[in-house]
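Dear colleague,

Please find below the structure that I am handing over to you.

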Amino acid sequence: MKEKIKERLRERIVKWEEKSKRRFYIQIKKEDLKEVVKILFRDFGFRFCTATGVDNIKNFEVIYHFSDDRTGILYNLRVFTDREKPSLPTITDIIKGAKWIEREIHELFGIGFEGNSDLRRLLLDESWPEGVYPLRKDYEYGRREELPDSLTCSISEGVKEGRTVIPIGPYHPLQEEPEFFELEVFGEKVIGININIGYNHRGIEKLSEGKHWDQVTFLVERICGICSTSHPFAYVLAVEDLLNLEIPERAKYIRSIIGELERIHSHLLWLGLAGHFLGYNTVWMWAWKTREVILDICEQISGNRNHYAMMKIGGVRRDILNSEVDGIKSKLNSIISALNLFKKAVEDDPVIHARTKNVGVLTKEEAINYCVVGPTARPSGISTDIRKIDIKNSAYPLIEFDVPVLNNGDVYDKIVVRVLEMYESVKIINQCLDRLKDLKEGDICEEVREIPPGEGIGRYEAPRGEVFHYVRSDGGNTPTRHKIRAPSYMNVLSNEVSAVGGTVSDAAITLAAVDPCYCCTERIQAVEFNKVKYRWDDLIKLSQEKTKKIRKRLRE
Amino acid sequence: MSIGKLIFNFLIYPGFIFVLLVGGIASFLERKITARIQWRVGPPFLQPFYDLLKLFFVKETVIPEGVNIPFFILVPVIAFSSAVLTSVLITNIFIKSFQGFTADLIVIVYLFTIPSLCVIFAGAVSKNPLSSLGSSREMKLILSYELVFWTSLSIVIIKTGGKITLRDILTFQENSKPIVFSLSGFIAFILSLIVMQAKLGKVPFDISEAEQELIAGPYIEYSGALLGFFKVTHYILLFSLPAFISVLFLGGLNIFKYLLLLIFIIVFENTNPRLKITQAIRFFWFYLFPLGIIGIILAVKGL
């Protein structure tokens, strides 16, 4: 494959670098960008992951990441543009999924894209001043912009007579986090959609440039409460890719166990919410009750229900005691009966069929065009799973599991794929736990001292799809660039095609079917009769006692 | 019979106050049992009444800009008063001194439609895209279930030999057997149960207020006491509709018959997802209506 690409691109390649067996960096001239993208995307059938903008001070650099999902090799196109008048040719006419990423690079770096007419703000607030680009290096870390006196919010204009805009969001029972879908409707039928995001933008990529390498693991864990181990997982993989490091075997198994536990609880959460969105609240509560079992296991292993802090560059932070393995296994396998129940409910209930079959269809062609990932892509007949191809420092290459792929691309298939994946996750965890028993306790981490200059890419199959982290080091103790792309970033945009054409009721479940990622980190204080009953320290103490109780119960 | 006793009968027992209390308790039961089915704890016993107190005395009433204010205020009040009137007519059947009046069945069925009509008006007057979508859905829903409801009622009328007074229907059943114990009567009973679910706006027919799609649909702009009126209407309907069905088909009303119907509502609600409006129309017109026609034919044949 490598030779074929070299053959096709020939004199367009300025420089060909091989950082490792799976990471190829191809430097090209910006005039050739469109042509090369066309060859990689259309002719070779590679998936476009994302593009990373980097400010090199003397010039700007944009790296377009393409993934070969059969072999797990990443082909990264590197283009440079000058700093005075930064601009690149657009690729949105070739890849629809690049719409958001070009808007994002435009607002954060000020790089223009010739031929792209839609370069509205994506993440930054409307009140953010013009011509200030926060990810450039001349934007100081910690600088603040002044708020304007008045803030206005505008809904799309130019709605024709007889059509109405149904707003779903930014605050809406359908969306637990702020996202704003403007559904343009004619009667009940949805004829257009405009997706606005950015209400939750926290500038993590910029923050990351001010934290040292170990702190970043904790920072990225806070991106999301549900995929709280996927982001650190991908981040440590990226740094290990930079270091070219192999971690101890025991750590590999522990990483996979935590990752799969997270997948099960995330899918159960989604399954419950899907029931809720269909108006089936019983499924909602039952799924979440089952999820508690998984959260208890997580708490037993890591001390926390959601933020596990297990990942560390070079291994994991905490061990799983061999004496606890049997207790975890029996508890884990107790959810199988609940999974069977849900599987049967989904297979047999005629009303669920009526509400989800042939609803919100995402065809294979559109799925490729929008570069969707994970459980949004697999129901459309695309066999893509990062666990199978590109996670060296994990247990996935060492054990057996299947990747369920379906063909209809409707909401029903998205439910089925997720239910089947939970069975696979249980299988994976069981295998990992069995192997753990044969390995010596305590050998869980490789010591890492210096991060040399270089760049690395880590990918992990989060519950919602591929999460992508790119890090670059100049040898100092902080990353100079840390690009993060969560799976929902690619998946949510695909609603542009899958939600249009159905009714408003269909749109509600279709919008939710990509499982947009919820940020649920919240700090609590319980207040009773105007007096603070529990202070922060008491709460920590209470939660520690609860953990002890669970551990005790599981040991018996 | 003194006028004082009559007022007592209409306002306190078995009239308005009684119906409100029973409806509130039914609402509590519904929420509690739902909660237990879903492995939750559920509300305390008086929660429905706390809700009312809060809405009527604590929360402020916000009237949106640009609406027709008298109409906006009148709609929930009309819904409330028609619901009270219906339930008073039904419950007072059980007092021997009150015989009802000729053809009160027809009046009651019309009165049952008024709360739903008020929901349509509420949505239309609110000037909100979500509420107008909700009221258009409610309109389609009424069109689909009313036909089935009348079919089911005509079976009862045929079975009783053309009686359209509630008291007469009751006497007829007391003399022979409850209508549900015949094939056509059973079909009519099933149809009425499903229509009852739709009239109460419960899952799978809570299409007009679909929380996850339309937030609250027609009620979205209502708050405070005005929302309170709608809430009371719901409580009363939760009593009077099952009571009405029970009188028509089960030969009278007592606590067991009522609880049976209530439990049916709750279980039906908790084992189904919400239908789409098109699916609901198709369900009523193409599945239930032909079934009702078969029921009528059977009733004419005397089965």
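**Conventions**

This is a predicted model, in which local features need pLDDT of at least 70 and side-chain atom pairs count only at pLDDT 80 or more, while totals for chains, interfaces and linings use all residues. Residues are numbered from 1 along each chain as its sequence is written, and chains are lettered from A and ligands numbered from 1 in the order in which they are written.

Helices (H or I, at least four residues) and strands (E, at least two) are DSSP runs, numbered from the N terminus.

**The contact between the chains**

Chain A gives 25 residues to the contact and chain B gives 24 residues; two residues are in contact if their C-beta atoms, placed from the backbone, lie within 7 Å. On the side of chain A that touches chain B, at least two residues each come from strand E8 (164-168), helix H7 (249-277), helix H8 (281-302), helix H11 (350-356) and helix H17 (504-513) of chain A. H8(A) makes the largest contribution to that side, with five residues. By type, the residues of the side of chain A that touches chain B are 14 nonpolar, eight polar and three charged. Here Ala, Val, Leu, Ile, Met, Phe, Trp, Tyr, Cys and Pro count as nonpolar, Asp, Glu, Lys and Arg as charged, and the others, Gly among them, as polar.

**Strands of chain A**

Two strands pair if DSSP finds at least two bridges between them. Strand E2 (residues 23-28) of chain A is paired in the parallel sense with strand E5 (residues 73-82) of chain A over five bridges. In that pair, Phe24(A) is placed opposite Tyr75(A) of E5(A). E5(A) is also joined to E4(A), by 10 bridges in antiparallel fashion, and Ile63(A) has Arg78(A) in E5(A) as its bridge partner. The hairpin of E4(A) and E5(A) has four residues between the strands, and Gly72(A) has a positive phi near 80° there.

Ile57(A) belongs to the loop that links strand E3 (47-55) and strand E4 (59-68) of chain A. Its phi is positive as well, at about 70°, although Ile57(A) is not a glycine. Is Ile57(A) buried or exposed? Ile57(A) is exposed, because 9 other C-beta atoms lie within 10 Å. A residue is buried if 20 or more other C-beta atoms lie within 10 Å of its own, exposed if 12 or fewer, and partly exposed in between, with C-beta atoms placed from the backbone.

A further sheet of chain A is open and has three strands in the order E13-E14-E15, with antiparallel pairing. Strand E13 (454-462) and strand E15 (481-485) of chain A each have a single partner strand, so each edge strand has one side without a neighbour in the sheet. On average, neighbouring strands of this sheet are turned by 10° against each other, direction ignored. Strand E14 (residues 465-473) of chain A is connected to E15(A) by five bridges, and Tyr470(A) faces Lys483(A) of E15(A). Helix H6 (residues 230-243) of chain A lies across E13, E14 and E15 of chain A and runs at about 145° to E13(A). For such angles, axes are lines fitted to C-alpha atoms, for helices over the stretch in contact, and angles run from 0 to 180 degrees between N-to-C directions.

**A buried loop residue in chain A**

Ile313(A) sits in the loop between strand E11 (311-312) and strand E12 (315-316) of chain A. Ile313(A) is buried, because 24 other C-beta atoms lie within 10 Å. Leaving aside residues up to four places away in sequence, Ile313(A) touches Trp213(A), Asp214(A), Val236(A), Val239(A), Glu240(A) and Val448(A).

**Points in chain B**

The peptide bond from Val203(B) to Pro204(B) is cis, with omega near 5°. Pro204(B) is in the loop between helix H8 (183-200) and helix H9 (211-214) of chain B. Lys127(B), in the loop between helix H5 (104-125) and helix H6 (129-159) of chain B, has a positive phi of about 60° although it is not a glycine. Lys127(B) counts as partly exposed, because it has 15 C-beta neighbours inside 10 Å.

Yours sincerely
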